[in-house]
Amino acid sequence: MSKNLVNLNVNPCKMCMPMGTANAFYGIQKCMSILHGSQGCSTYIRRHMATHYNEPVDIASSSLTEEGTVYGGERNLIIGLENLIKLYDPEVIGVSTTCLAETIGEDVEMIIHHFYESHPDSNVKIIPVKSAGYGGTQFEGFIRALRAIVSHVDMATEKNNKINIITSMISPADTRYLKDLLDAFGLDYILLPDLSENLDGEHQKNYSRLPAHGTPISEIQQMAGARATIELSDTIKPEESPGVYLFENYDVPYLRLNLPIGLRDTDALIDMLSEISKMPIPESIAKQRGRYLDGMIDSHKYNAAGRIAVFGEPDFVVSAVRLCCENGVMPVIAATGSNCPELKAKIEKEIAKLAAILFVDDYVVLNDVDFETIEAEALRLGANIMLGNSDGRRIEEKHQIPLIRCAFPIHDRVGGQRVRTLGYEGSQMLLDQITNTLLKTVEGGFREELYNTYYNEGPKYKYGLEEDPHKKIRILGNETPAQTKSVMSTLSIEEKTANHPCFSCGASHKNARMHLPIAPKCNIQCNYCVRKFDCANESRPGVTTEILSPEAAFEKYKLVREKVPNLTVVGIAGPGDALANFEETKKALTLIHDDDPNVTFCVSTNGLMLPYHVKDLVRLNVSHVTVTVNAVDPEIGARIYKHVDFMGHRYHGIAAASLLLANQLSGIKMLIDEGIIVKINTVTLMGVNDAHIEEVVKAMKEMGCFISNIMPLIPVKGSAFETLTIATNQEINAIRKQCGLHLNQMYHCKQCRADAIGKLDSDVSLDFRSSKEPTVEPTVASPKGLRFAVASKGGMLVDQHFGHATEFYIYDFKNNEAQFLEKRQLNQYCLGVEECEEKEDKFTRILNHLKDCDGVIAMRIGDAPARRLEKKGIQVFSTYDRIEEAVKTAARKMIKSQNLKNVSGGI
Amino acid sequence: MDPRDIVLDKYSSKVYKNRKEHVITINEGEPNVIQADTRTVPGIMTNRGCCYAGCKGVVIGPLKDVATITHGPIGCGFYSWGTRRNKAKGDENTKAFGEYCLSTDMQETDIVFGGEKKLKQAIKEAVEIFHPECIAIASTCPVGLIGDDIHAIAAEAEELYGIKVLAFSCEGYKGVSQSGGHHIANNGLMKNVIGTGDAEPIKYSVNLLGEYNIGGDGWETERILKRIGYHVVSVMTGDGSYDAIKNSHTADLNLVQCHRSINYIAEMMKTKYGVDWMKINFIGPEATKKSLRDMARYFNDPELSRRTEAVIAEEEAAIAEGMASCKAVLAGKTAAIYVGGSRSHHYINLLKSLGVEVVLAGYEFGHRDDYEGREVLDTIKKDADSKNIESITVTKDPDHYKERLSEQELMALRAAGVPMEEYSGMWEDIMDGAIITDDYNHFETEEFLKYLKPDIFFSGIKDKFVIQRSGVASRQLHSYDYAGPYAGFKGALNFANDVAMAITVPVWDMVQAPWKKEPLLEGSLGGMESC
């Protein structure tokens, strides 16, 4: 019975059974595979195996057609076997069924029986495996083929001195390691399967089309008489296990171990081999262990930064997670696409222990899961490294979380067949990769940051080679305006301003702008912003889906220009601070200006580095600059800014605010002297600067700024101001009206994202215009309004599954506005299938938390909870949108249906 | 014996009887008939895929704004996930789901009790997550067998969500190769998408048919067309979109790149909407030049012709030096080429302009007309397998039919050598004496390699390593080995560089251990001559 909680698998983290059987048969000597079904199955599987192993992969097909689905496929399979034997002369043939053969109910055992009857001379061993694609994943397929092999080969039951070693799908290089290890203990062993040579062969002058290596049938026959079976995978189900089969039918003692990855699991194998062989551990192996231990110590100081997501086949996940844990790399995600309910029990204790040490409060073990869920969880849990097959590359590309390619399949790199993970040396290689990936993340940016902090922007002052910039700023402030208006391009600045959607209200309807998300770093910490989102000067705090390099940004600009003909403005609005990333800003603007000198450039900044870059901005033809000024009084500023990083020092409190203010003021003055149009953004922080904003605007007016934009606070989860009361639209508009007496006000601001493109209102609906243009939407009949519980990770987007939410953002819809009320914490409803039994209790708890809500808004929600919520009169909405928009849409839907009800009730 | 006979001789008599009509040697002056598009012999290592691969993998999959749900167990969806390198990018107005693989991941219980409920839920979830304008459902083998009515579910979902939902019954066992899947996909697009848009016609507008944007080929082609002044209404289907294809009937002319996979749509659009079609080929500078000039002749506008020549001159000049150096390396080499349904033909021209002759060629799933030309169409008998693939008949659309050029004008164009509704197949360009193998298999690959010893072999991932093992350079022409684009002028240079690199890379001198080579010194014992 499927335990999938959802019906749509988005980006599968698994393949089908015949993929596993085909791999397993490649480990048998002189064996060919044939898939009984449509020929596409063979073609697809060959294609994927060839890419991973970089070797020829021959898998035949019985090429069933529509006729075969009606009359059965016996004829095709027998012809297929005949041709395979004629052309390849194999000793063994594995016949794996597919979805098609299993669905039409082919009796392959019987067909093979018929084949032997009609070919009495044939001495080819034909082994059937039932492997419908819907029966399990490649992991189960692999094991099932091994079980079919041991149960179909005619066993010799005389006792012998051999040891059976059975493995799941491990790389050819790891298989070679294993063989060397067994040899080192002088053991007489039968390795099932052995793909070390067939799928990682040497170059030969004459290519032999029949896999010449692998475990011979003559060896497999002796498995029944062996001293013991060791299965190197602890997640095989007993009813599928070849070792259990040998135990039950031939009394071969059966032992199982984890895949020998990491110190403890390798120790376990080595100790067992030593015991079985009655031989002390060879010195060379003891040295390998010692070296790995030494290597673990060498890298210990870096590993704790790791928040790793491990995914793949269950036995790989178990051992890889254990390797991570013993090295202090925190596995925030352990996931398998296979269905292995035991996974959690095997590793959770270990992960929990490390989590406690590292103060990590959340991690997940996911069973039967797709990459969509892994991606969402990786973002939620802040994974900074991934370990698994190459299908994780899409997450890597999208979110820049580096992926260490391991296990099967690897499609975008060469060398899948040579990946080493087993034993002390394999573990060392894997650990080195993990540590080095972590180091690269730190070291890569570290040097650049050092350079920028101490060399590019500072050492002269710091080492007394230049005057103290603080003094300089004061002097600048007293200077007489320099009349050095620069001629910039063919368009006058007035024309540019008229065409700028953020500076001219008329233009906001006509003209489009594009924000280039190239500036990730920020040099101040505002209390309304969370560092991990980086800073927000304006717009939705630092929200961007990706950071672009200047070159990529240029490419994107070219693309957008083609599609958006009214693109007049290119801006840099973060997600950090444009001037804290000046090299990127400079590069991007230069590229675009060289391409089209008529583009209006707009840069947004907190003003800290402004005095140092005004000249550069002029040279770069920037005509518009937005500076976020929240206070002109350092005491108020000190409450807004947590710290300011300037010239290699971190300033706090009033010192920080004074420094920022001084630079803002002198920077703005310089801008205006250069003829650059300046907009001032101010975030309304109730109880902090709301009464002070008018002062700010007045001061800016005196400086000669063009327009002022007073914005409401957007509460960001985890920021110091997350619980600050939010100004209502009325309050904001009252402030704007008052300030409008001094300086033009921007009423049409949409608080755009750092990667916004288009017209200001193209991705947002009617909200901010409501003060100017009375709304035509029907308002709620009841004055109380509607209340919604929203499942969101960061408080901006409806981006969480109902079942995964540990907190809800409560929003009220009143007077046609969505207003944030509070955040409610609760325990997560769904922790995976294993714990579903406990759902009842938890759900009742959730209901208690949400009983005053009229609706629940989540990205997705299961059927059962949706029904239960609806039974309680709580309507359910699934969407992916900004919260305010989602609340409004949901509310309007509810009002509409209420109105309808009222009407019909009236009649 | 010629190599053909040596190779075929190794088959059993039954297989020999089948294969002898699929493997032929081109004889000068003779009609050269080949058998194609028939069932593959079971157990032979065919390179063919299945109906699902042709429909979802090739034609429907690349549509970027369509959320394509594979209805079936997980394997098929996974295996067709991004494997063809058909590139696509979204923008502000177009969503792109190319990075996603959506599957109903059917389990044992769904096979027993039916998967309809799961499919309905999956559509609901896809709508909720992706908000697509169009959803496509592609069936895999079990679906047709257990009787899930995906067409009824599609109709229901269309009504429920107010979006377009396309259903394709492309179960893997249908037809004899991918080709059946192409036809099913063509029918679906024709019935449900083409002609449903209401855009205004634009001057000099074309559709690019059978261009799947592998490695960016379509982008490079579009770039050239745009430079000349053409408006590309839609591309079918590389980087293509449902949104654009809706309006494809407004174009003046259909340009057919891959004849095999999309000629059905070209023919049907001619009948229904009067859109003329022309066989073009943007692979290779010579073929590209001819195609551009043919187009200019069709539109018959002096300004367009002038721009055509200007662009040709400029693009050609830009690659001249590079092409010449590659040609110096490659001239006199021989090649084998074995790809899907039209590509094998397209590259013959490009290789010729580099001085490389193709000695061995074939298609995986081409039909006889792809080899011999469309004039044999009437003589192709329909067998049981081709009858199993639905063939739809369309009639003139009274509202949207518009004659572009009169029959007389078209005749005049044909007389002038413009291939209007014409395609003369691979025979047009293949050299005499070349061996042609239809539905090529691994055994034949190895054998012909031994006898024909081509310097480079163009095929796919499945045979790539067999070829390389034999000490012969290979390049994948299905997915371009992570490279491309190869179309147009700049693409031709990319191709030339890649091929030159493949052949000249030092490893080929080392794959044979020196002590195994022929002795370096030759001589005889002193005094022997006198004996």
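Me: At what angle do helix 6 of chain B and helix 8 of chain B pack?
Reply: This is a predicted model, in which local features need pLDDT of at least 70, side-chain atom pairs count only at pLDDT 80 or more, and totals for chains, interfaces and linings use all residues. Residues are numbered from 1 along each chain as its sequence is written, while chains are lettered from A and ligands numbered from 1 in the order in which they are written. Helices (H or I, at least four residues) and strands (E, at least two) are DSSP runs numbered from the N terminus, and axes are lines fitted to C-alpha atoms, for helices over the stretch in contact, with angles from 0 to 180 degrees between N-to-C directions. The axes of helix 6 and helix 8 of chain B are 11 Å apart, and the packing angle is about 35°.

Me: How many nonpolar, polar and charged residues does the contact of helix 6 of chain B with helix 8 of chain B have?
Reply: Residues are in contact if their C-beta atoms, placed from the backbone, lie within 7 Å. Helix 6 of chain B contributes Leu119(B) and Ile123(B), among others, and helix 8 of chain B contributes residues including Ile153(B) and Ala157(B). Ala, Val, Leu, Ile, Met, Phe, Trp, Tyr, Cys and Pro count as nonpolar, Asp, Glu, Lys and Arg as charged, and the others, Gly among them, as polar. The contact has seven nonpolar, no polar and two charged residues.

Me: Which strands stand at the edges of the open sheet of five strands?
Reply: Strands pair if DSSP finds at least two bridges between them. The order is 1(A)-3(B)-2(B)-4(B)-5(B), with mixed pairing. Each edge strand has a single partner strand, so one side of it is left without a neighbour in the sheet: these are strand 1 of chain A and strand 5 of chain B.

Me: Which residue is the bridge partner of Val10(A) in strand 3 of chain B?
Reply: Strand 1 of chain A and strand 3 of chain B run antiparallel, joined by two bridges. Asn9(A) stands opposite Ser103(B). For Val10(A), the partner is Leu102(B).

Me: How many residues of chain B are in contact with chain A?
Reply: The side of chain A that touches chain B divides into 27 nonpolar, 28 polar and 14 charged residues. The 69 residues of chain A are in contact with a number of residues in chain B, and that number is 71.

Note on methods
Two residues are in contact if their C-beta atoms, placed from the backbone, lie within 7 Å.
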